[in-house]
Amino acid sequence: TDTTSKYLRVFQMTDVHIGSFISIDRVNNLCNKILTLNPDLVLLTGDFYTVETRNDDDAFIKAFEPLKKLKGKVFT
C-alpha cells in the first residue's frame, strides 16, 4: 500500500541573515538542495537580511532564485 500520499513534505528555512556569515551563493546552493527533496511546501521564515545587505534589493531574489521552480509552493 502506498502511504506516501498521506503526508505533506514541508521544508522550512529561517533566519538566513544574508550577509557576511551566509552568502547569497550559499543560500542559493541550499535552495538547489531543497529542490532535490521535492517538497510540497517551502516556508521561508525569520530574518533575511543583515546590516550588509539591508539596502540590496536584489539580495533576496538572487539568493532564493532556484525556488522559482517550485511555483505556488513557496511562502514567506
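**Notes on the predicted model**

1. The protein chain has 2 helices and 3 strands. The model is a predicted one. Read from the N terminus, the elements of the protein chain follow the order β-α-β-α-β.

2. As to overall dimensions, the C-alpha atoms of the protein chain occupy a box of roughly 50 × 20 × 20 Å along the principal axes. The protein chain comprises 76 residues, of which 26% count as buried.

3. The contact pattern may be summarised next. Among contacts in the protein chain with a separation of 6 or more, 78% involve residues 24 or more positions apart.

4. The sheet is open and is formed by 3 strands in the order β1-β2-β3, with parallel pairing. Its edge strands are β1 (10-14) and β3 (74-75), each of which pairs on one side only. Between β1 and strand β2 (residues 41-45), the parallel pairing extends over 5 bridges. Within this arrangement, V10 stands opposite L41 in β2.

5. Helix α1 (residues 24-37) packs on the sheet and touches both β1 and β2. The direction of helix α1 makes about 170° with that of β1.

6. How many aromatic pairs does a search of the whole structure find? The search returns 3. One of them joins F48 and F64: the ring centres are 6.0 Å apart and the planes stand at 85°, so the pair is edge-to-face, the class assigned to planes over 60 degrees apart.

7. F48 belongs to the loop between β2 and α2 (59-63), and F64 to the loop between α2 and β3, so the pair ties together parts that are 16 residues apart in sequence. Are the two residues buried or exposed? F48 has 17% relative accessibility and therefore counts as buried, the cut-off being under 20%. F64 is likewise buried, with a relative accessible area of 6%.

8. A further aromatic pair is formed by F60 and F64. This pair is tilted, with 4.6 Å from centre to centre and 40° between the planes. F60 is partly exposed, because its relative accessible area is 22% and the class of buried residues requires a value under 20%.

9. Taken together, F48, F60 and F64 form one aromatic cluster. F64 takes part in the edge-to-face pair with F48 and in the tilted pair with F60.

Notes
Residues numbered from 1 in each chain as written. Predicted model: local features only at pLDDT ≥ 70, side-chain atom pairs only at ≥ 80, totals over all residues. Heavy atoms only, no water. Pairing = 2+ DSSP bridges. Helix = DSSP H or I, 4+ residues; strand = E, 2+ residues; numbered from the N terminus. Contact = heavy atoms within 4.5 Å. Axes fitted to C-alpha atoms, helices over the stretch in contact; angles between N-to-C directions. Phe/Tyr/Trp six-rings, centres within 6.5 Å; stacked < 30°, edge-to-face > 60°. Buried < 20%, exposed > 50% of the residue type's maximum accessible area, 1.4 Å probe, protein only.
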